[in-house]
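Here's a quick walk through a model, helix by helix and charge by charge. Have the viewer open as you read.

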Amino acid sequence: MSDTDKEIIKHILDGDVRSFGILVDKHKAKAMTLAMRILKNREDAEEALQDAFVRVYRALSSFEWKSSFSTWLYRIVYNTCISAAGKREKKGHFSVELDDENEYINEIESPDIQPDIDLESKEISKIIYEEVDKLPDVYGSTFTLFTIQDMSYEEIVQVTGLPLGTVKARLFRARLMLREALIKRMDLAVVKEKEGY
Amino acid sequence: MEHIPLDIICKIADEKAEEKELDQYLAHIEQCKICQKEVELQRSILKISRNKPLVTPSKTFTDNVLSEVIPAGKKKWYEWMLNNMGNVFAMVSVIAFLVYVLSLTENTDLNQEPSNKNTQITEIMKSFKDISLSIYEYFNKSINIPDFPISGMGTLSFALIAIIILVFIDQILSKFLKRLKILS
């Protein structure tokens, strides 16, 4: 049975530095996925992630277990990647889309979907996989924390430092974008005059 | 028929809708196939996204992280030796050279005219002795180090201290270059 984060961290703090490798192996894939959603480039994501893990190691002795280790880890990964993205933006390779938490509810103009579609088809999975990768970084990162890390809204607030309303707005927008893309690519819209939304 | 707003659909799909909202909309969902499908679609989007394969970093990623953090922590002696092969080799070479030269000086009178056979070696030894003496005198004037004979063990001790200082400078320089990302 694999050790829990707490046990592994205890080993590291007791002087077994090599145990940090176990901690890295345990979290690297999910953390890399988050880094990729923000930076959209494998090389940059891996460099930022390496930097984040080194920061985690250096701050490990001061971690007070006020949150779970993974929440704390993803906060460092998130901040490191946002900082790397900011540096890249200054160089002119990156753009951050800003959002307003209050503007999403009343502006939905979306077609209804056909009620008889098969939502379990491989084609739908393929499209969603592709569209998740295409989400703008601000939505993609929040959506990744919500889905892959299985975090609650409150945990996402802790990781990103964003207000709860903004987190909810970003998650909703991400889902709306995926829904729109799916309807467009699969031609799922009901061909009739809209009744609602 | 007015459909349920999408933000409420998402809440229902996530099972995060408040009781009040559920009471208000559940009856509609039971009757409306389009809203039922919307709830299903939102659940599917989440389910599929959760099953999306993760992105894995390169195979050397963990080793790269460890190589960054281990110098800050404890490094085993053989790992230190492996990472400082160049320094260790240089130290051994210098010590070997010193031992060789000193073993020759004990049997050679440097003030005599060099014989034809060992002219070059004797010249090198003489220069080495002169340089050692100059360095020793320079430091003796500045920091008043204890007296010790320039030949034999004295020179060897002096050379060892010099090597240790050089390695120390090398370590600081390496860290500085790594920080500037000139060295990996």
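Is Lys37(B) buried or exposed? Lys37(B) is buried, with a relative accessible area of 10% (buried is under 20%, exposed over 50%, partly exposed in between, using a 1.4 Å probe and protein chains only).

## Ground rules

This is a predicted model, where local features need pLDDT of at least 70 and side-chain atom pairs count only at pLDDT 80 or more, while totals for chains, interfaces and linings use all residues. Residues are numbered from 1 along each chain as its sequence is written, chains are lettered from A and ligands numbered from 1 in the order in which they are written, and side-chain values use heavy atoms, with hydrogens and water left out.

## Chain B at a glance

Chain B has 8 helices and 0 strands (DSSP runs numbered from the N terminus: H or I of at least four residues for helices, E of at least two for strands). Of its 184 residues, 31% count as buried.

Ile131(B), Ile135(B), Tyr138(B) and Phe139(B) make a nonpolar surface patch of about 390 Å². Patch members have over 30% relative accessible area and no salt bridge; nonpolar side chains (Val, Leu, Ile, Met, Phe, Trp, Tyr) are joined within 5 Å, like charges within 9 Å. Areas come from the Shrake-Rupley method with a 1.4 Å probe, and for residues only the protein chains shown count as cover. Ile131(B) sits in helix α7 (residues 119-143).

## A bent helix in chain A

Helix α2(A) kinks by about 50°, centred on Lys28(A); the bend is the angle between axes fitted to the seven residues ending there and the seven starting there. Of its 21 residues, 16 are buried. Just after α2(A), Lys40(A) takes a positive phi of about 60°.

## Charged pairs

Over all chains there are 17 salt bridges (a side-chain nitrogen of Lys or Arg within 4 Å of a carboxyl oxygen of Asp or Glu). Back at Lys37(B), the partner is Glu40(B), with closest N and O atoms 3.3 Å apart. The two are 3 residues apart in helix α3 of chain B, so about one helical turn separates them. Glu40(B) is partly exposed at 38%.

Asp150(A) and Arg50(B) also meet in a salt bridge, at 3.0 Å, N to O. This pair crosses between chains, from the loop between α6 (137-147) and α7 (153-160) of chain A to helix α3 (residues 33-51) of chain B. In chain A, a salt-bridge network links Lys126(A), Glu130(A), Glu131(A), Lys134(A) and Arg185(A). Within it, Glu131(A) counts as buried at 12% relative accessibility, whereas Lys134(A) counts as exposed at 55%.
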